[in-house]
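Work through the exercises below with the model open. Each task is followed by a solution in steps.

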Amino acid sequence: MPLTDKQVRNARFNPDGAGNRLSDSGRMYLQIDKSGSKYWRMNYRFAGKDKTLALGVYPDVSLAAARKKRDGVREKLAAGIDPGEAKRLEKRAMRVAAANSFEVVAHGWMNERKTYVEIGQYEKTLARFKSDVFPWLGRRPIAEIDAPEILPVLKRIDGRGARFTAHRVRSEISRIFRYAIKEGYCKSDPARDLLDAIPPTQTTHFSAITEPMKVGEMLRAFDGFSGTFSVLCALKLAPMLFVRPGELRQAKWSQFDLDKRPISNSEWLVWRVKYGRQPGEANT
């Protein structure tokens, strides 16, 4: 007789060995282990050999769910398919898909790139993908991702007003696919087809301050700056040196010789910071 939910729920392991295998219909049965665990099993015959297939563990797999799996097995047998071999191939495909997921491949590209970019750049890229890409594409097999699947990711970023970031992410996704092509994980780069999918960014240019009154307002704002000491120093040096922010930020104390020339001689300081030498000195 077929099993009932009550029989399955109340079944207990018998140390004597009797009653530890409860048969249902269609050669499916419930195997009770001495630990108390209950396993669904099914016997079947394929190519002249008797085989057993695991259908799950009770109560994670209910009686009704186990019977549904049993029916699926019988359909495969009717189609001439070995259900045990089919299950093995499905598990293998899942493992391969997990190993070739977009997130795994993306980490491979980032780790390769980490060897020749600044650590800060690597960390920013990783943070962008953790926030904006991996939640939607991370678990997908990279070979199965197409352009229509990537586009909503970019539109979601653009929709919050981060258009420049959307373009950057598209470019980085494209580079990940090119890395995947090199490593043999996929054959094409769908992000390449989305080059113009997001409208271009609008660049705003800020004109230089040339009116004396506004220059004074800027200098007074520098005096009132309440941030870090290093930034305050940079703000006070910038109007005297007239160098680019990056040049000032990377300047070294060895480039400053305040005893040789007075601080008021800004031309000398500009040359020392920008070129590492004073006017008239040979470029070594």
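**Exercise 1.** How much space lies in the second largest pocket? Find also which residues line the second largest pocket.

*Solution.* The model is predicted, so local features need pLDDT of at least 70 and side-chain atom pairs count only at pLDDT 80 or more, while totals for chains, interfaces and linings use all residues. Residues are numbered from 1 along each chain as its sequence is written, and side-chain values use heavy atoms, with hydrogens and water left out.

Step 1. On a 1 Å grid over the protein atoms alone, a pocket is an open set of points where a 1.4 Å probe fits, with protein on both sides within 12 Å along at least five of seven lines; lining residues have an atom within 4 Å of a point. The volume is the space filled by probe spheres set on the points. For the second largest pocket this space is about 240 Å³.

Step 2. The lining consists of Ala208, Ile209, Val215, Met218, Leu219, Phe222, Ala238, Pro239 and Phe242. Two or more of these residues come from each of helix 9 (212–223) and helix 10 (229–241). Helix 9 gives the largest share, 4 residues.

Step 3. Sorted by type, the lining has 9 nonpolar residues, no polar and no charged ones. Here Ala, Val, Leu, Ile, Met, Phe, Trp, Tyr, Cys and Pro count as nonpolar, Asp, Glu, Lys and Arg as charged, and the others, Gly among them, as polar.

**Exercise 2.** Why is strand 2 largely enclosed by the rest of the structure? Trace its pairing on both sides.

*Solution.* Step 1. Strand 2 (residues 28–32) is largely enclosed because 4 of its 5 residues are buried.

Step 1. Strand 1 (residues 21–23) joins strand 2 by 3 bridges, running antiparallel; strands pair if DSSP finds at least two bridges between them. Arg21 has Gln31 as its bridge partner.

Step 2. Strand 2 also pairs with strand 3 (residues 38–46), antiparallel over 5 bridges. Ile32 stands opposite Lys38 there.

Note on methods: Buried < 20%, exposed > 50% of the residue type's maximum accessible area, 1.4 Å probe, protein only.
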